[in-house]
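Subject: Structure handover

Hello,

Here is the structure for you to open. My notes follow below it.

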Amino acid sequence: MTMTQTTDAKGMHMAEVLELLAFHKDLPQDMADESFRRLMDGTMSPAQAGAFLMGLKTKGETARELTAAVNAALAHARLVPGLSGARIDTCGTGGDATCSFNCSTVVALTLAGMGYKVVKHGNRSVSSTCGSADALEAVGLSLTTKPEAVAGELERCNFAFLFAPEYHPAFRHIMPVRKEIGCRTLFNMLGPLLNPARPTHQLLGVALPQFLLRMATVLANTGVRRAAVVHGAGGFDELTPFGVNRMVEVRDGWLREAEFDPADYGFARHAPEAVAVTGRDEAVAVLREVLAGGGPEAMRDMAALNVGMCVHLLEDGMDMAQAMDAARAALAAGAGERVLHA
């Protein structure tokens, strides 16, 4: 794209967008929609794309702007056909720099072992010791499930992993710009919002508490029926047994802010270092142990908290205490390990 090609048929100049962002002004809906359409289809120049992403980061992305980004990305994604009924994703934004075990992967496989349909959207490690894709590959699961095969996988074993690069080809336009920028942008928040199987339920963790309400609003805007956006005690992007957690619950478009104290449900307090792993080999070994019903108590408790929250979201008639009891029992019985064998 040449420097003279900065206006489309609707007459929007990228210079107008960048000027608004430079003065920390939020983008109107039409400008946000059109800007992200251009970014995703590759008609925004690299210089404009870099300035656009940094302008949003400096100003602070709004829920409206994030929703526009989600809609534009999904318009170019390889969406999964043929799904119906409740299905859940367990995914965090990452970036908490905690080097913890693969809790969300344990949670996803345990839920599948309990009979719930789980569509796990994930990628390889960026900031963690071992990403969800790395961990699942290490225990023998395929990362190449095609969109048309997902429904069959869910029917067979209640679990399907959707490897993000396979489902979002438009990101090839943005990846070189992100690499050159070198710092976090709104794309670090988008991953959990872009599941191509369009989950009806979601547990979404954020590393920074200021993103709680923003991410919950985007989930409500994009049709998720029930969700919990959580920020764990100790700065984690998952519920943790280290203290009082913060969360925003989403239910049919309504949002409710709350605190969540594991002690209310009989969980002991643990220290953050009790869930840390030192490398990929240890991460995979611990994953297998916890899935089989063993592993360190702190890791089992952390997994149970997140499994229980998901069960609470999925089961309208089950209160939180019952959901946490069901989660503990499923983990102790090695429900997740059965999915690996399936």
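Leaving aside residues up to four places away in sequence, leucine 204 touches Cys91, Thr93, Pro192, Leu193, Met215, Leu219, Ala228, Val229 and Val230. Contact here means heavy atoms within 4.5 Å. This is a predicted model: local features need pLDDT of at least 70, side-chain atom pairs count only at pLDDT 80 or more, and totals for chains, interfaces and linings use all residues. Residues are numbered from 1 along each chain as its sequence is written, and side-chain values use heavy atoms, with hydrogens and water left out.

Leucine 204 sits in strand β4 (residues 201–205). Helices (H or I, at least four residues) and strands (E, at least two) are DSSP runs, numbered from the N terminus. Leucine 204 counts as buried because its relative accessibility is 0%. The cut-offs are under 20% relative accessible area for buried, over 50% for exposed, and partly exposed in between (1.4 Å probe, protein chains only). From leucine 204 to histidine 341 is 137 residues in sequence and 27 Å in space, C-alpha to C-alpha.

Glutamine 202 also lies in strand β4. Its relative accessible area is 2%, so glutamine 202 is buried. With residues up to four places away again left out, glutamine 202 touches Ile88, Asp89, Pro192, Leu219, Val224, Arg226, Ala227, Ala228 and Leu313.

**Two domains**

The protein chain is divided into domain 1 (15–76) and domain 2 (88–341). Those bounds come from an automatic or database domain assignment. The C-alpha centres of the two domains lie 28 Å apart.

What lies between them? About 1,900 Å² is buried between domain 1 and domain 2, and carbon and sulfur atoms give 80% of that area. Leu53, Glu61 and Leu66 supply 27% of the area that domain 1 buries against domain 2, more than any other three residues. Buried area is the accessible area (1.4 Å probe) that two parts lose on being put together, summed over both.

In contact terms, 23 residues of domain 1 meet 24 residues of domain 2. The rule finds three residue pairs in polar contact across the interface (both at pLDDT 80 or more). A polar contact is a pair of N or O atoms within 3.5 Å; within protein, one must be able to donate a hydrogen and the other to accept it, and residues adjacent in sequence count only if both atoms are side-chain atoms. Salt bridges between domain 1 and domain 2 number zero. On the side of domain 1 that touches domain 2, α2, α3 and α4 each give two or more residues. α4 gives the most there, with eight residues.

Helix α2 (residues 29–41) has 13 residues, so at 1.5 Å a residue it should span 18 Å; its end C-alpha atoms are 18 Å apart, which agrees. The expected span is 1.5 Å times one less than the number of residues. Buried residues of α2 include Met31, Glu34, Phe36 and Leu39. Their cover includes α1 (14–22), α3 (46–59), α4 (63–75) and α10 (187–190). Just after α2, glycine 42 takes a positive phi of about 85 degrees.

Among the buried residues of α3 are Phe52, Leu53, Leu56 and Lys59. The buried residues of α3 pack against α1, α2, α4, α9 (175–181) and α10.

**Salt bridges**

How many salt bridges does a search of the whole structure find? The search finds 13. A salt bridge is a side-chain nitrogen of Lys or Arg within 4 Å of a carboxyl oxygen of Asp or Glu.

- Lysine 59 and aspartate 26 meet through their side chains (2.8 Å, N to O). Lysine 59 is in helix α3 and aspartate 26 in the loop between α1 and α2, so the pair ties together parts 33 residues apart in sequence.
- Glutamate 34 and arginine 37 also form a salt bridge (2.3 Å, N to O). They are three residues apart in helix α2, so about one helical turn separates them. Glutamate 34 is buried at 7% relative accessible area, while arginine 37 is partly exposed at 34%.
- Aspartate 316 pairs with arginine 226 in a salt bridge, the closest N and O atoms being 3.2 Å apart. Aspartate 316 is exposed, at 57% relative accessible area. Arginine 226 is buried, at 5%. Salt bridges that share partners join Arg226, Glu249, Arg251, Arg256 and Asp316 into one network.

Best wishes
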